[in-house]
Amino acid sequence: MPTYRAPRGTRDLLPAERPAWRHVADVARSLAHVYGYREIETPLFEQVDVFERGVGAVTDIVEKELFRLQPRTEDGETWALRPEGTAGVVRAYVQHGMQTWPQPVKLWLLGPMFRYDRPQAGRYREFWQWDVEAIGDAGPAVDAEIVELGLRFYDQAGLDDVEVLLNSIGDPACRPAYIERLVAFYRDHADVLPPAERHRLDANPLRLLDSKDPGMAAINATAPRLVDHLCEACATHFTEVQEHLDALGVPYRIEPGLVRGLDYYTRTAFEYYRRGREGQQQALGGGGRYDGLVELLGGKHTPGIGFALGLDRVILALEETGAEVPTESPPIAVVVGADPGATAERLRVATDLRAEGLNVRADLGVRKLGRQLESAAREGARFAIILGDELSEGNVQVRDLEAASQKVVAIDDLPALLSRKSQGG
RNA sequence: GUGGCCAUAGCUCAAUCGGCAGAGCAUUGGAAUGUGGAUCCAAAGGUCGCGGGUUCGACCCCCGCUGGCCACCCCA
């Protein structure tokens, strides 16, 4: 065992897996651009207050999972690593007066998030999210735009079995009354509530709706549904979101049990799952409307909506489905030599080719020629450039490792030859 | 945070009842002095996750810790 290893819940992303990650990030980046979202970067840590208000003080994320940083002085601020992206983005919106920009302000961010919970496959203490936020537009059309953008991302990333679960969780005008009804309903059935579920009645009654306890299924079947108790404004908004999705031809499934248990999350809530896997806890991504959040973080009342997609889980899903993802590309050529000591020549030839932008490896070891060619072939290089006696006349042997053919080429002609070949010519 | 399963070479895994730590892949060298992915031979690579206990003797049994995975919790 090594003396040191990556901290629990973190991991190294090794060279072989980076191309897949780069692919996923490239899809996110280019889609964001196409949809008119602009990139923002916020600090990896913020004042704890930003998260306690912005995420919610009584949420698991803040109560149990926040990575708090020790202040360096007695009177120092307390910071925490960001557990999600929205709070920091909204803080930046307020701080930089973005309410004076044309609305909505459409932003995206891609980076690591940190939560101190118990690791599992697809659940890490350091994980990556793509965050997309549209702040300053209350209308249902932007909800549909966001939901569709997420689906398109999964499709372009290479996952073709992703579906969106949709719900409306009301707003401060209608939700409190509904929760009262819901609690009253469960109290009527308190005698048959599984013990483990009873405490949630006080802590977070909405959560009972999507309980995985089989004993809850029968009770929940008759429970009052939030969608039936929306105020008129919320009901209209929900209907219009669906109309916009229908007009786009975006499929979705209404899931009345889908909740986001934070007070300032409002109306639209959605999560992305791989088809047939929504019973498992591993959402690929999720989002919703947060019309109260800007105000909570010190701004004017401003509507907003966004999503966070978990890139680790996308990578995991791509591996599971065996989807085609980019891999590392080998060098177009490897410079090898017959004389084990003549590494200076090999390095010089490679350097000149690299100056032309060609991906060329120089074999700088002291192995004999056969071994050098073996390595070059095994790593998938198309050509071996063999330095030998011909060098004195300015020539080298260029060996095509796929065709097993070989010819003498002037060193000066190498860049043109390799450039043509590396473009598939 | 709760419960369970697991941890042997860089990777994937063996090791019978408690009795000498192994294989394949990968790496390096040789067969083969300037010609490759195959083949053969060899080398190197180990605190059997860490610490303690039981025992004449522990990879093996017991306890604790660390880490991974699974189910909860919750989310991404």
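Colleague: Good to see this one! How many helices and strands does chain A have?

Modeller: In this predicted model, chain A has 15 helices and 16 strands.

Colleague: What makes you say that chain A is more spread out than a compact globule?

Modeller: The radius of gyration is 28 Å, while the globule rule gives 22 Å for 425 residues. The value for chain A is well over that, so the chain counts as more spread out than a compact globule. Its C-alpha atoms fill a box of roughly 95 × 55 × 50 Å along the principal axes.

Colleague: Which domains does the assignment give?

Modeller: Domain 1 takes in 15–174 + 230–321, and domain 2 covers 333–422. Taken over C-alpha atoms, the centres of domain 1 and domain 2 are separated by 50 Å.

Colleague: What share of the chain is buried?

Modeller: Buried residues account for 48% of the 425 in chain A. As for the surface, chain A exposes about 21400 Å², with carbon and sulfur atoms supplying 50% of that area.

Colleague: Let's turn to strand β9. Why is T266 called buried?

Modeller: Buried means under 20% relative accessible area. T266 has 4%, so it counts as buried.

Colleague: Which residues does T266 contact, leaving aside neighbours within four places in sequence?

Modeller: The list has I169, G170, D171 and P172, along with R289, Y290 and D291. T266 itself belongs to strand β9, residues 266–274.

Colleague: And R267, why is that one called buried?

Modeller: The cut-off is again under 20%, and R267 has a relative accessible area of 15%, so it is buried. R267 also lies in strand β9.

Colleague: How do you know that the peptide bond joining Q103 and P104 is cis?

Modeller: Omega is about 0° for the bond between Q103 and P104, and that bond is cis. Most peptide bonds are trans. You can find P104 in the loop between α4 (86–95) and β5 (105–114).

Colleague: One more: how far apart are the mean positions of the positive and negative charges?

Modeller: They are 4 Å apart, for 49 positive and 65 negative charges in chain A.

Conventions. Residues numbered from 1 in each chain as written. Chains lettered and ligands numbered in written order. Predicted model: local features only at pLDDT ≥ 70, side-chain atom pairs only at ≥ 80, totals over all residues. Heavy atoms only, no water. Helix = DSSP H or I, 4+ residues; strand = E, 2+ residues; numbered from the N terminus. Rg over C-alpha atoms; globule rule 2.2 N^0.38 Å. Buried < 20%, exposed > 50% of the residue type's maximum accessible area, 1.4 Å probe, protein only. Areas by Shrake-Rupley, 256 points an atom, 1.4 Å probe, with all protein chains shown as cover. Lys, Arg positive; Asp, Glu negative; His and termini not counted. Charge placed at Lys NZ, Arg CZ, Asp CG, Glu CD. Domains from an automatic or database assignment. Contact = heavy atoms within 4.5 Å.
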